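Thanks for coming, everyone. I have one structure to walk through today.

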Amino acid sequence: MSFIPRHEQFLARYVEKIAETQVAPPHRRLFHLDYETYSEANLPKTGGSRYARDPSTEILMLAYGWSEGEIKQWVPSSGEPMPEDLKAALRDPFVTLAAWNAPFEMAITEHVLGWHIPVERWLDVMALAFSLSLPGKLSKCGEVIGLPEDKRKLARGTALITRFCKPRKPTKNKPWTRATPETDPDEWREFLEYNIQDVEAERQIYRRLKRYQMPDHEWRLWHLDQKINNAGIPINLNAVKKAQQIAAATIAKDLAEMRELTGLANPNSNVQILPWLREAGYPYMDLKKGHVERAHAQVQEERENGIADLLGVNPDLERVLELRLRVSKASVKKLPALLMATDEDGGLRGCHQFAGAGRTWRWSGRRFQPQNLPKPSKGMEKFIMSMAPTHDEAGNELDSLDRAKIGYSLLCQDLEGLSIGEFWAKYEDPDEPGVNTMEALTAAIRPLVQGGPGRLLVDADLSAIENVVLGWLARDDKILRVFREGLDPYIDFATEMFKMSYADIKVEVDSGNKSKRTTAKPGVLGCGYMLGKGEPRENKQTGEIEASGLLGYAWNMGVALTPEMSALSVETFRAKFHKVKSFWYDLEGAVKRVIQTSKPERVGYLYIDMKGPFMRIKLPSGRYLHYMRPKLVKRKMPWGKIKLQVTYQNMENGQWRRVSTHPGKLTENVTQAVARDILAFGMTLSDDAGIDIRMHVHDQIIAVADAHVADRQKDQMIDLMTTLPPWADDKMPLKAAGHTTPVFIKD
């Protein structure tokens, strides 16, 4: 429903645009508000957009107030008309609407209340908290910054929300399906108070944090973030639905086979399956994923070597372990999550959290988490590539990227076009390791992001941006020279590791032997943050064999680096890029002195100072990284030396506690933060140019365009992404590459 006549809407929008060009949101009058709603939708699973659009969602109450003065309340669930002062504030283009996690209030205002208020009029207090590396929960943030008890969020909130905001199962004595003021009058009065107190807590937090306000350009970037989130990641919903059906049928089939092989009623039960596995020859006392994987590989090797029977291994053990890994595959759980959160128009909204990585302000992911999409097995990747032709219709050889576009497009077509049985017949190959239905579904998750009919994804990423920024911050010409001359940074590094010429290694790479380049890659990307050589170790939680230091970094990248090569990489990097090594200690030394003396210092392009409870590092873009309540603490290092270490308070593993940092970590923070600012500048320019951005991941922007203009927009986006921001000098050699594709693939 709309409370504004059409002619007034046009006038309001006109005045609003004038207001937007004059002042940034923090400088206009602030009007704080907070909704409490009821819905049959599950907010944590659906996200704010799908929740707000659900027909069952309704507003129970709305608390509101200016920066000072009384906090008032509107309770539409009791039949109250909207107060005139609330209407006036919502209409006024010179008023900024502030909320904690404002995208929720934005979605409810638009889709439930029926008022479209442009994103330029909103301000998110939670985003400001994130920018200071403070907790994202209103209650925890109030506690951390020291709000008095009577100004904080009420502790009873979770119980009250469960009671009034969600459906309930009826009982014999309480047959109603939802709580109301009539069924629970005392709790309802408490809920009204809770709603008002939320606005008071948010208002008090903003009052404390506004002296550490984000720069105006960052609020404009937050508005762009809302625009991208509201546009949504384009998802092929039909393919998702079919993929989920195939996953459910495959798991049911695999469990049936496990029942037949083991004789167990429920082989998916850990209590039932573990004794059977132990008796069959399984060596571990738990079912951690890593242990199951290692046991399966061991049994497979014993069978291939012909010694399984001699060792008394149950002939069915290998297959049962394989089936266990398949039915437990976590990646396919993204499919029901996608269905729950994607709107009917195929838009997956609200997946980017502004400043979610508080130490750098990089975006974090929600639900779909585009920053953390699963990878299929090597066998499945090879199988998908084999589905694509090697040459086009004109006889020209296709490169691996073009073949990947075709292969993954065919996979998505098979999801929609094949029956479940036909899909099994095509994608199940017991003779090829890693080629099975569950791996095929894992491989399909990324390309479920699609441009749609007549449209393509425009995908571009900054080339080795962290390496470029590190060289720029450390003023290391040996790093920057590589990019200025258009050389391959990994081949260049390999020349030092293997004592060969650039030309000789490039000949090997061009002929198809990329081993030396691949071995060099982890060192280029990881050693800049002071990683040591590392060593193998078992993850106590998962049972998987992992590694620390550069060795673990390489393994996580999918590079099978040996401990010897890891040590050589570290030694080579520190000798070749000695200015980076000096930068580590210059940065840490300055931070320590600022903490001790409170006198500001400069390290190259960075400026370090103290303000209030924060040690701050000012970036060239003008924004700050914040480290709360820093302290120097004597600690014993793993190698036995006592060292004065920089510590600060931060959220870690869900707890607010004191954590330590080191020169490499500080370097990583500032490098990734500057890289983020470069990407953000490119996003802003691209949006100004009319490019329809839908997703972004660290160094990458993904937009949607009509097919006939996609290549032109790709070239335009690359040009804009490599445009130097006004705060960067010409010593920073930016480069980018891109492609257009019908489905989202990993380049």
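Let's start at the end of a helix. Just after helix 19, Arg 475 takes a positive phi of about 55 degrees. Keep in mind that this is a predicted model.

Now step back into helix 19 itself, residues 465-474. How many of its residues are buried? The count is 9 of the 10, so helix 19 is largely enclosed by the rest of the structure. The buried set is Ile 465, Asn 467, Val 468, Val 469, Leu 470, Gly 471, Trp 472, Leu 473 and Ala 474.

Pick out Leu 473 from that set. What does Leu 473 contact, leaving aside its neighbours within four places in sequence? The partners are Phe 583, Tyr 605, Leu 606, Val 670, Thr 671 and Val 674.

The largest nonpolar core has 143 residues. Within this core, Leu 473 is among the residues that touch the most other members, along with Leu 134, Ile 205, Ile 608 and Val 670. Which helix gives the most to this core? Helix 27, residues 663-688, does, with 9 residues. There is also a second, separate core, with 41 residues. Its members include Ile 235, Ala 239, Leu 415 and Val 704. As background, nonpolar side chains tend to be buried together in soluble globular proteins.

Hold on to Leu 415, because helix packing comes next and Leu 415 is part of the contact between helix 16 and helix 18. Helix 16 spans residues 400-417, and helix 18 spans 437-445. Their axes come within 10 Å and cross at roughly 115 degrees. The two helices are therefore roughly perpendicular to each other. The crossing is left-handed. Helix 16 brings Tyr 408, Leu 411 and Leu 415 to the contact. Helix 18 brings Ala 440, Leu 441, Ala 443 and Ala 444. What is the make-up of that contact, by residue class? It divides into 7 nonpolar, no polar and no charged.

Now the other partner. Helix 17 covers residues 420-427. The axes of helix 16 and helix 17 come within 8 Å, crossing at roughly 145 degrees. On the helix 16 side we have Leu 410, Leu 411, Asp 414, Leu 415 and Gly 417. They meet Glu 422, Phe 423, Lys 426 and Tyr 427 in helix 17. This contact divides into 5 nonpolar, 1 polar and 3 charged.

Next, some single residues. Buried ones lead. Asn 195 is found in helix 8, residues 185-209. Is Asn 195 buried or exposed? Its relative accessible area is 0%, so Asn 195 is buried. Not counting residues up to four places away in sequence, Asn 195 touches Asp 34, Tyr 35, Glu 36, Met 61, Leu 62, Ala 63 and Gln 73.

Lys 592 sits in helix 26, residues 578-597. Why does Lys 592 count as buried? Because its relative accessibility is 16%, and the cut-off for buried is under 20%. Lys 592 touches Leu 632, Lys 643, Leu 644 and Val 646, with residues up to four places away in sequence not counted. Take the Leu 632 pair: 40 residues apart in sequence, 7.2 Å apart in space, C-alpha to C-alpha.

Thr 661 is in the loop between strand 18 and helix 27. At 3% relative accessibility, Thr 661 also counts as buried. Its contacts, leaving aside neighbours within four places in sequence, are Gln 645, Val 646, Tyr 648 and Leu 666.

Back to backbone angles. Ser 598 has a positive phi near 65 degrees, in a residue other than glycine. Ser 598 lies in the loop between helix 26 and strand 13. With a relative accessible area of 46%, Ser 598 is partly exposed. Asn 653 has a positive phi near 55 degrees. Asn 653 belongs to the loop between strand 17 and strand 18. At 75% relative accessibility, Asn 653 counts as exposed.

One last stop. Asp 477 is in helix 20, residues 477-484. Asp 477 is partly exposed, at a relative accessible area of 45%. How far is the C-alpha of Asp 477 from that of Glu 318, 159 residues apart along the chain? The two atoms are separated by 54 Å.

That's my tour. Over to you.

How values were computed: Residues are numbered from 1 along each chain as its sequence is written. This is a predicted model: local features need pLDDT of at least 70, side-chain atom pairs count only at pLDDT 80 or more; totals for chains, interfaces and linings use all residues. Side-chain values use heavy atoms; hydrogens and water are left out. Axes are lines fitted to C-alpha atoms, for helices over the stretch in contact, and angles run from 0 to 180 degrees between N-to-C directions. Helices (H or I, at least four residues) and strands (E, at least two) are DSSP runs, numbered from the N terminus. Angles under 35 degrees count as roughly parallel, over 145 as roughly antiparallel, 65 to 115 as roughly perpendicular and the rest as oblique. A crossing is left-handed if the near helix is turned anticlockwise from the far one by less than a right angle, and right-handed if clockwise. Contact means heavy atoms within 4.5 Å. Ala, Val, Leu, Ile, Met, Phe, Trp, Tyr, Cys and Pro count as nonpolar, Asp, Glu, Lys and Arg as charged, and the others, Gly among them, as polar. A nonpolar core is a set of buried Ala, Val, Leu, Ile, Met, Phe, Trp, Tyr and Cys residues joined through side-chain atoms within 4.5 Å. Buried means under 20% relative accessible area, exposed over 50%, partly exposed in between (1.4 Å probe, protein chains only).
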